[in-house]
2 protein chains.
Amino acid sequence: MYDVLVIGAGAAGLTAAIYTARKKLKTLVVGVDVGGQMNLTSHIENYPGTPAMTGPALMKLFQEQAVQFGAELVIGKIAKVEKGANWGFVSTMTNGEKIESKTVILAFGLVPNMLEVPGEDQFFGKGVSTCVTCDGPLYKGRAVAIVGGGNSAVEGLLEVANYCTKVYSIHRRDKYTADPVTLERLQKAQNVEFVKNTVVVEIKGDLGIKSIVVEDLATKQKREIPVQAVFVQIGHKADTSLVKSLVQLSPKNEVAIDDRCRTNIEGVFAAGDCTTIAFKQTVISAGEGAKAGLECARFLSGGKGITIDWS
Amino acid sequence: MYDVLVIGAGAAGLTAAIYTARKKLKTLVVGVDVGGQMNLTSHIENYPGTPAMTGPALMKLFQEQAVQFGAELVIGKIAKVEKGANWGFVSTMTNGEKIESKTVILAFGLVPNMLEVPGEDQFFGKGVSTCVTCDGPLYKGRAVAIVGGGNSAVEGLLEVANYCTKVYSIHRRDKYTADPVTLERLQKAQNVEFVKNTVVVEIKGDLGIKSIVVEDLATKQKREIPVQAVFVQIGHKADTSLVKSLVQLSPKNEVAIDDRCRTNIEGVFAAGDCTTIAFKQTVISAGEGAKAGLECARFLSGGKGITIDWS
């Protein structure tokens, strides 16, 4: 029996664990990986207090702190969270293992949106990727496409432009929404071709990808572009199936929370990108994780008043 | 004319500036110091992503990032923030200088609570201090008292126990509210005397402090304890006088905000410990600062929809 089960090992989950473990609560973190969406980031420079580094490197630091303070960490996937027979919660992992805990902190983040076009499933892991940092280097000296116009897409462009011969930026809109400082850097990349107002309609190949077919949204004209990889960077969505019969969700399928990271179910807290919070940023998720951890500790101590930490 | 005036240069204010500067908004940060309450922390180990360090060292890292991205930083005190004649805001510094800005982010934190007993004013800066990290080393080899029972007080005890001959921990309650891991460390300190359920009623001395008079809250018995310094670590309060006629305040005198760090006045945002937020922690203030910065940028860009940053 754990005091706290944290589901998700990204910025929110690991920070929640840092806080509950420091309160000497028996804390288990279960995540499909360590790092969550930060694993998809090759370069983070806006997390206060740390120099620019890769997403996975920053998350490794979070992990080390959580473990140092006594949290346990297991890689695995929770399929379902239910109320216990009398009290507390029983969570079932996809391997059938059950975990009992007095409280649960939901911090499982988001899953990437996919293109949902012919060829995408077939070539997933064989050229189609949602992680530039992980898979970009496999296509050194080749031509690749990156789909999307936000920070992740543009950071990805900057990365692969360093080692790919040609990079196609496929964006359904005319304007990029990445931060201006990031866009400025992109202007120096010589080997990037911007294909705006355009969507991917098919991914073609045999053993690997050979080309993508794109369509101009205005002219409806199609064009085939020879690439060996497609990086899909078009945002994320919440996969809240594991708690859909437990807690209240928003119309956008996010876990509804109040300003203390409480869900509508006593003993269940939530933090970060899987919640109704308006902003998706590492430092914001970390802050929310700290709130969830502190509120969870308050709940377990009987909830009598709030011990404000003036440290 | 600045796009953004950030008032306060602690975790919330500096993070807000990191975010607005990255959006290429002309940003000025005005703070009475750099670091805010973190300057009072000798050891922070629960800020995710960084190793244990002093509060000022961590805040220096925040500052460097804000400046690196283009924020300007001025040390000074804002006396009043008012709406401009037509639009925007005019802020007046205590030296009379005026600053015009399109928006304002309030992040001026809290000020320390004082004992309000005879001798406190007289010996402030001559033995009475609210900063163990700053002033503790001056009393190496002497006896000192630390008043309070939270993390700041106990961290302070741990610090001065290393170099003071004797440390008196004066606490009005029986239980300490510091984190258990911190309290565990305290048990090893041999030269700390715990004086619980007790308050300081007077501070005595001549050129410097010679003793404090304390009173047991149960027995009403008084006792004189010979010390050369008194560190007051009994929490903080919001000093919102500079905006009291501008924005809505809570009954506790905090700036009222919504979940996007908006105040009731358009163009004025607030973040961190000076707001109605329930938790006072560095990482939480940093997260709130990021929210305020992003929401401010959204407001200045016309507020049309929300550009979610998926980075």
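In this predicted model, the largest nonpolar core comprises 124 residues. Within that core, A:L106 and B:L106 have the most contacts. In soluble globular proteins, nonpolar side chains tend to be buried together. The surroundings of A:L106 were examined next. Residues up to four places away in sequence were not counted.

B:T20 lies in helix 1 of chain B, which covers residues 11-22. The relative accessible area of B:T20 is 0%. B:T20 is therefore buried, as the cut-off is under 20%. With residues up to four places away in sequence left out, B:T20 touches B:V4, B:L25, B:T27, B:I105 and B:G293.

A:C164 is in none, and the nearest cysteine sulfur, that of A:C131, is 14 Å away. A:C164 is buried, with a relative accessible area of 5%. For A:C296, the closest cysteine sulfur belongs to A:C261. The two sulfurs are 11 Å apart, whereas a disulfide needs them within 2.5 Å, so the distance is too far for a bond. A:C296 is also buried, at 0% relative accessibility.

In chain A, five strands form an open sheet. Their order is 8-15-9-10-11, and the pairing is parallel. Strand 8 (128-129) and strand 11 (192-195) are the edge strands of this sheet in chain A. Each of these edge strands pairs on one side only. Strand 8 of chain A pairs with strand 15 of chain A, residues 229-232, over two bridges. These two strands run in the parallel sense. A:V128 has A:V230, in strand 15 of chain A, as its bridge partner. Helix 4 of chain A, residues 151-161, packs on the sheet. Helix 4 touches strand 9 (143-147), strand 10 (166-170) and strand 11 of chain A. The direction of helix 4 makes about 170 degrees with that of strand 9 of chain A.

An antiparallel arrangement was examined in chain B. Here three strands form an open sheet in the order 12-13-14, with antiparallel pairing. The edge strands are strand 12 (198-205) and strand 14 (222-225) of chain B. Each pairs on one side only. Neighbouring strands of the sheet are turned against each other by 25 degrees on average, direction ignored. Strand 12 of chain B is joined by seven bridges to strand 13 of chain B, residues 209-216. Strands 12 and 13 of chain B run antiparallel. B:V199 stands opposite B:E215, which belongs to strand 13 of chain B.

Finally, the two copies were compared. Chain A superposes on chain B through a rotation of 180 degrees, with 0.0 Å of shift along the axis. The RMSD of this superposition is 0.1 Å. This is the relation of a two-fold axis. In chain A, the C-alpha nearest the axis is that of A:G287, at 2.4 Å. Of the interface residues of chain A, 100% are also interface residues in chain B. The copies therefore meet through the same surface.

Definitions and conventions
Residues are numbered from 1 along each chain as its sequence is written. Chains are lettered from A and ligands numbered from 1 in the order in which they are written. This is a predicted model: local features need pLDDT of at least 70, side-chain atom pairs count only at pLDDT 80 or more; totals for chains, interfaces and linings use all residues. Side-chain values use heavy atoms; hydrogens and water are left out. A nonpolar core is a set of buried Ala, Val, Leu, Ile, Met, Phe, Trp, Tyr and Cys residues joined through side-chain atoms within 4.5 Å. Buried means under 20% relative accessible area, exposed over 50%, partly exposed in between (1.4 Å probe, protein chains only). Contact means heavy atoms within 4.5 Å. Two strands pair if DSSP finds at least two bridges between them. Helices (H or I, at least four residues) and strands (E, at least two) are DSSP runs, numbered from the N terminus. Axes are lines fitted to C-alpha atoms, for helices over the stretch in contact, and angles run from 0 to 180 degrees between N-to-C directions. Copies are superposed by least squares on the C-alpha atoms of residues with pLDDT of at least 70 in both.
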